[in-house]
Amino acid sequence: PQGGRWTVTLDLHRGQGTTDTGPFDIVANGLPEGVRLVSPRVPASTSRWPVQLVADAAAKPGAKIITFAAKSADPAVVLASSVQQAVPFVSHSGGDAWRVLRVDRAAMAVTDPAPIAIDLVPPTAALVRGGELFIPVKLTRQPGYDDPVEWQADFAPQGVGLPPKDVISSGAAEAVLQITADAKAPLGKGPLYVMATTLGGSDYLGPGRIRVSSEIIEIEVTEPFMELASEPVSVRRGGQATVSFKATPKSGFEGEAEANLLGLP
């Protein structure tokens, strides 16, 4: 939509016999005037990566055929790349996977402004291995639009768990994205975004719905300062019990820390 964002995730496949290409950028060719591509630099050996199309508010409505290409971060390295999109079930209602059209380009269109916009508030803290992080979600509604809006996180760094789709109810403008990292999630920074869609129409096929994206923000997965471990404890009604934790420093933490016990019944 004009003044909006749209994000898709590309599958990145190495060509036969390709060695490690190192980090590279994804570029788009043939974009309409007033539309730009936003995509963080792709780390080496990455298999999936988000790309975002952003349309200025004054971009002229219309459709264009575009292509994507890979450009090495090293000026001395030239990459040969191509794009392929499979359009399944051509002239068929579904169920016959052989009816597929493979094309070497993509179609995009600039449409009228959307009645909604969605944003993530970039976190000021890192996501630790084995921990969770709560990220505020902000929904902006155009005057007169008060319908429920569905939203979902589509992409996160490897090892980061995402919740299922959710709905921001009529009249509401805020939600919280809760993400988790498994104990062996790769350390480092990576992209994260969410998509929002109006309800009605077809969720699977798309007609009758308007979808928008948040900006692509960056989150960091780190080691926790320390690891706390305890044995199960029970206590009778009216009684007392001591809960002991073993504290194991993890990432060079020195000094004193305060621990709070949460989640008591």
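R36 stands opposite V54 in β4. Strands here are DSSP runs of E with at least two residues, numbered from the N terminus. Two strands pair if DSSP finds at least two bridges between them, and β3 and β4 pair in the antiparallel sense over four bridges.

Before going on: this is a predicted model, in which local features need pLDDT of at least 70 and side-chain atom pairs count only at pLDDT 80 or more, while totals for chains, interfaces and linings use all residues. Residues are numbered from 1 along each chain as its sequence is written, and side-chain values use heavy atoms, with hydrogens and water left out.

Back to the strands. β3 and β4 belong to an open sheet of three strands, in the order β1-β4-β3, with antiparallel pairing. The edges are β1 (5-11) and β3 (35-38); each has a single partner strand, so one side of each is left without a neighbour in the sheet.

There is another sheet to look at. Three strands form an open sheet in the order β2-β5-β8, again antiparallel. β2 (24-29) and β8 (106-110) are its edge strands, each pairing on one side only. Six antiparallel bridges join β2 to β5, residues 62-72, and in β5 the bridge partner of V27 is A69.

Next, the rings. How many aromatic pairs does the structure hold? One. Rings of Phe, Tyr and Trp (its six-membered ring) pair if their centres lie within 6.5 Å; planes under 30 degrees apart count as stacked, over 60 as edge-to-face and the rest as tilted. For W49 and F155 the centres are 6.3 Å apart and the planes are at 80 degrees, so the pair is edge-to-face. W49 lies in β4 (48-55) and F155 in β12 (149-155), so the pair ties together parts that are 106 residues apart in sequence.

Are these two residues buried or exposed? Buried means under 20% relative accessible area, exposed over 50%, and partly exposed in between, with a 1.4 Å probe and protein chains only. W49 is buried at 7%, and F155 is buried at 6%.

Last, the cores. A nonpolar core is a set of buried Ala, Val, Leu, Ile, Met, Phe, Trp, Tyr and Cys residues joined through side-chain atoms within 4.5 Å. The largest one has 28 residues, and L192 is one of those with the most contacts inside it. Apart from this core lies another, of 22 residues, and F155 is among them.
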